[in-house]
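Work through the exercises below with the sequence and the structure side by side, and try each task before reading its solution.

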Amino acid sequence: MLQKYGKYDYRVQLMRIFACFIVIGCHVRMDPVIGGGLDKELLLLHGFFDDGVAIFFMIIGFFLPAVREPFWKSTGKTFARILIPVLLLKLFIPILGGPLLHAVPSPEGLSPAEILGQFLTLNFLEGSYCTHLWYITSYLRIIILFPLLKLLTLDHPLSRKACGWILALNITGMVVTDLQVLLPSPFGTLGTFTILDAPVTYVILGYVLYKSQHLFQENKKYRFLLPAGMICVNTLRFLLQCVLFRESFENTHFYFWNTTVSLLFSVCFVCFFLTFPGNLSFSGAKIINYIGTKTYFIYLIHIVMYTHLDYCYGIKNRIYEITIGAVPNLLTKAGYDILYPALVFVCCLLAAAAIDCAKIPFRLLLHRPEAEK
């Protein structure tokens, strides 16, 4: 079953696995604002679960030069691969929500006609299990822009200059946006001047970093400097968010992946994995690659999974009791933030593996030699 998974770049698959874990952690972590007070230990841990989406967008940029098929053919394949699972999720979750959660009624409370209506509108934001699917629309928009983005990968001075200018302008715009949030008027009244949005910026930056990976592999010091950089950036995020919380607990600007600190953290994260050789062969590579290819499915169903685990088995409370509930300190809070998303991730992965196993008999039938028919 794992035979075909030896061809992937294990570093990219590891990034996908960690990014997916971070996204799950972002959704299941505890709010640091408890009873009108701020838990600074939880806030410090938050910074490690903020940038999964940014990392996913950067990974898209790795493959910009690799797309060789005609645009409409590659786009059609991508849309089918991405949209079909989303549409199936949107169609079946409202119907199966009640039975899936046992005592909990269907979260949507919709009639069959209304479910079909939502299905046909392709609205990815409707329903309590679909709010995280905004990422799909951003991803598909990038796919549509692929012909323009590929122009930046041409081996031409104009392409390199355009790439540099786009990154410079958009990163400057992100810095200005962050300053607007931190500083009072009149600076806060200035508008930003980005020419593209944050997802496209991350895609282009991912392309540049992947293309330049030899720079990180040549100097082994990066393997120590980049993790230190992630810790420093997260400390900066913590301090900036503390400043905002002094004004209002509702201002969570630096939690989000489209800020400058998120960009810095994501760059350190991606570059750290690029310090390792891409052609390294080891026994666990196929397993890593298999899990990496399942991260999209895990991303789609993780909210359903942790809701099911919480309502039916009280997993959230049980993990809380053995971690924070036992001795509330930074270590046990970190344990909670790791154990809960890890359990959700593993359960989603098992569901993906079960589906793969269920497909095996059908594949054998479809590929059965004519002589046996």
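**Exercise 1.** Why does Asp356 count as buried?

Solution. This is a predicted model, in which local features need pLDDT of at least 70, side-chain atom pairs count only at pLDDT 80 or more, and totals for chains, interfaces and linings use all residues. Residues are numbered from 1 along each chain as its sequence is written, and side-chain values use heavy atoms, with hydrogens and water left out. Begin by finding Asp356 in helix α16, residues 330–366, where a helix is a DSSP run of H or I with at least four residues, numbered from the N terminus. Asp356 counts as buried because its relative accessibility is 7%, and buried means under 20% relative accessible area with a 1.4 Å probe, protein chains only. Finally, look at its side chain, which makes a polar contact of 2.9 Å with the side chain of Lys294 (a pair of N or O atoms within 3.5 Å, one able to donate a hydrogen and the other to accept it; residues adjacent in sequence count only if both atoms are side-chain atoms).

**Exercise 2.** Describe helix α8 and what covers its buried residues.

Solution. Helix α8 spans residues 157–182, and its 26 residues reach 38 Å from first to last C-alpha, close to the 38 Å expected (1.5 Å times one less than the number of residues). Its buried residues include Ser159, Cys163 and Gln180, and the cover over them includes α9 (198–211) and α12 (260–274).

**Exercise 3.** How many disulfides does a search of the whole structure find?

Solution. The search finds 0 disulfides, each being a pair of cysteine sulfur atoms within 2.5 Å. For Cys271, the nearest cysteine sulfur, that of Cys268, is 7.1 Å away.

Note on methods
Helices (H or I, at least four residues) and strands (E, at least two) are DSSP runs, numbered from the N terminus. Buried means under 20% relative accessible area, exposed over 50%, partly exposed in between (1.4 Å probe, protein chains only). Contact means heavy atoms within 4.5 Å.
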